[in-house]
Every structure is written in structure tokens, then in C-alpha cells.
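Hi,

Here is the structure I promised to pass on. Have a look first, and my notes on its cavities and pockets follow below.

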Amino acid sequence: MSTSSPLLAAVDLGSNSFRLIIGRVEETSAGTQIYQVDALREPVRLAAGLNAEKYLDHPSQQRGWEVLKRFGERLRGFHPEQVRAVATNTLRVAKNAQDFLGEAQRALGFPIEVIAGREEARLIYAGAAHSVPTCPGNRLVVDIGGGSTEFIIGQDYEPLIMESLYIGCVSHSRLFFPSGNVDDYAMKQAELAARREIQIISATYREAGWSQAIGSSGTARALAELLEANGFNDGGVHGLTRGGLERLKRALIKAENANRLKLAGLKHDRIPVLPGGLSIMLSVFNELEVDHMETTDAALRLGVMYDLLGRTQHQDMRAVTVEQFVRRYGVDRAQAERVGNLAISLYRQLPVDAAEGKEGDQDDGREAGEALLNWAASLHEMGLSISHSAYHKHSAYIGSNADMPGFSRPDQARLAELLLGHVGKLGKLASQAQQVDWQLLFCLRLAVLFCRRRTDALPDSIEVERLDDGFQVSVPRAWIDANPLTDYSLQREAQEWEKIGMRYKVVYA
């Protein structure tokens, strides 16, 4: 990547944590992307310093100033046009907010805007929409902050309905779970209080509807990590589920105090706000009738940067990310395109698997499959930049562990499985992979096999069929007679599939 690409910075003075992210603006043929290069997060719990008269106490202000001094050091040398700092709910309601902001701006070295609730919601949606896969129809984004919770319904990159409610993980934890104490009664009261607030907007939101629900930023991400790390979700589902949240609630009540809760993935700085955040999320699920919610850590901060950029992003961020990786790892574009075109043409001859699209959604399932095949073909050789030996393992490692904006974790895992399995032995993949898409893998492996010469010298026709227990490949006899290496490779490929109990029939017409 070019080191001369412009940098942007966003500072988020939240009610629970202060955050700074720095991103590099990258222009690609697929669109513009802001790629995170640095991030700082410090728990300040500013909302905990609000007294009954809505004044911020001095200790909480002092914590905020100290953090902003450290952020200011990181931002030295930035031009004011490259930085935007925003403050949210606590500084909206604090009567002495201006006293805090004067010293805060001196510490940071840049102006700080106190933004309205709906502006916060707009920016949250912009950040979330740029960090998750596109979806048909409406998208619901819920962001539980320290002092407020934002609810947004939008389509593509455009918010349609926005609300900000005064319920947050810090304020709710202080009110209903003093000293971290949790019991059935306190949890029920916390949920009822949150549901009363959400009822004001619930009818409008349910009427608008959505096909994808996203929980953004810290609370949603922290809850999802707990559910997944402790196996609370049904069937190993990623993100947040109603059943998983209920199991976490029972564990918290059983512990009687959040500080005594012993769970994998529980971070020390989240303990004081866990009961309040959980009670609000449960209320969101119950009041809005949500069953599953994906999560993203990107929200307000990323939205601030895209707003600062002054552009509206209309491309699928996954395509932008893939293009960025192609450039970074010096991928042979001609070969990637050759493999991708052939893999997709083979895939179009096969029926859509039930896993790819529900009844009535076959078109969406096929489109999603083609997109995944295309991205896998684009990235399957990026491991060559590390080593030719076992390059597919390097490709899979990058695909599995790299920060890939726009990809959900399940999508990134599927991509990594295709990268790992596009060549080589299938046995280890079959024994370890959670959900291998064998049909996509069949098409990708076959395309790589036929494109080994890195030329367009392909048979006039390659026909494939799905069998009850595997696949069939048909190739013209005259062509295969003139290409003995491909003949040998097809026979070896058939043996590899048969080792994992799947039939692989090769027919020469």
C-alpha cells in the first residue's frame, strides 16, 4: 500500500469509553475504502460521574482529560481537516459540559463537537453499513452506548428511521445493579424499564421491518464474545441470539454479583457495565422481536471518518477489500480472473444447495455463491507472496485472520475454507472444518486444475453434474488425449474426493 495515502482520524468521547481510530484512505478500482491503521480505547465511564443534578464530578472529568492528552500526542502533526472529534450522550446532558470541554479541547488539540442523538444515530449507521456485508431490503442497527442507545433502520448506506433513547449500559448498571449486585428482581426491573423506553418506537420499527439486524460497537461485541466463548448460542451460531442472552442472564444471576462471574472472554473493564448492557439487549430482542443479531465493532468512529471524507460509499465493501488485498499481495490478476470465470461457469451448471438459499431465495443464494467463488479466486494465490511451498495455507491464514472490512465472521470463515481447500489434500479439511461448502470447493478446485498452464487453452466444454454422493465431470475425449497432465490430475483429484467418502466420476465424451 502507498504510504502517501491520506490519513483521517476520529475521536469518540462516549459515555463509557473514549476511542481514537486512525484510517488510511485507499482508492481502488472497486471504490474507496478507509483502512484502519491505529486504534486506542480507554474506559473512562464518564456517565458514572454524573450526579443526580446532572453535573459531572471532577474525578470523571480528570479521567477524560488524561485520556485526551494521550490521544493528543498520537494526533500531533495532523491537520485540523483530517480530524473530527465528537461527544455523545453524557456531554449532551451534563450541565457543566462546557467546563469539561474547554480543558478537553486543549488536551486533545482539536475542536470537539457535542452531537445530537439523531446525528449520532446517522453516523453509527454509516459506520456499521460500511463494515458489514450488503443485504437486500432494510437493515436494523442497534448501538448500546454508555448513556444512550441508538436505533436505526436503513437501506444500503442510507438511514431511513433514526431514534436515540436515554438508556445505556453505564446509567442502567448504576441504577439497577449498584456495586454489581444482580438478582431476578433487579434484572426484571431493568428489563421492564428498558422495554418501556423501546415501546415508544417499537411499532414503527416493526412495521418498517428489516432483513438483517446488526449490533454495533462495544456492548454488542462484548456480549457476542461472551456467548460464543462459553457456548451459550444454540448450534454454535455467531453473534447474538435470544437463547444465548438468556443463558448469560442465568449465569449472571447465579453468580449474584458481576464481579464474581467467571466466564471465558469476560474482560475486566466490561464487568461494571455488563448487567446494564445485558438487560438492555434482552429488552431489544424481546420488544423488537429479534431472534438473531450479527455484530460489528465499527460504528460511530468509522461513520465519523466517512463523513469527514465527504463521500457516500455505494460499493460493496467486500469487493473493495478484496481489491485491496489483490494489490497488497501482488496477485496475478489474469490468472485470478481466469480461475474465477471458469469456477462460476461450472457453478452455474449445478443446483443451488439448500444451505445457500432457502425456498424462494434461490437467486439470492446463487448470487451469494458466485460472489464468494469470485473473491476466493481473486485471493487464492495471495499466499505466493510469502512462499510457494504450501502457499494455500498462507492464503487461508491471511483470509482467516486479517482485518477484512465488509466481511462478517461467518463469511470470512467460509472464504478461508475455500482458500485452504482449493488445492491439496481434502482429508484434514473434512475432519476439521465446521461447515465446508463442498459444491463451491468442487468448482474452485476444478477451475484451478484446468487453469494450471495459466493460459486460456481450455476445452470447448466442461460439463459438471451433482450426484447424490458426489460430482461428475465430463470433458471432450479429443482434448484430454492432447493434454495428458490434465488427465492425470483429474484421476488424482477423483482419488482425493473418494478418500473422504464422496464419489468423483470423470467421463470422457
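The second largest cavity has a volume of about 50 Å³; a cavity is a set of points on a 1 Å grid over the protein atoms alone where a 1.4 Å probe fits but cannot get out, and a volume is the space filled by probe spheres set on the points, which are joined across faces, edges and corners. Its lining (residues with an atom within 4 Å of a point) includes A222, L223, G265 and K267. Helix α7 gives the most, with four residues; helices are DSSP runs (H or I, at least four residues) and strands likewise (E, at least two), numbered from the N terminus.

This is a predicted model, where local features need pLDDT of at least 70, side-chain atom pairs count only at pLDDT 80 or more, and totals for chains, interfaces and linings use all residues. Residues are numbered from 1 along each chain as its sequence is written, and side-chain values use heavy atoms, without hydrogens and water.

The structure holds three cavities of 30 Å³ or more.

Of its 29 lining residues, V423, G424, V448, R452 and S489 lie nearest the centre. Helix α19 gives the most, with nine residues.

Best wishes

How values were computed. On a 1 Å grid over the protein atoms alone, a cavity is a set of points where a 1.4 Å probe fits but cannot get out, and a pocket is an open set with protein on both sides within 12 Å along at least five of seven lines; lining residues have an atom within 4 Å of a point.
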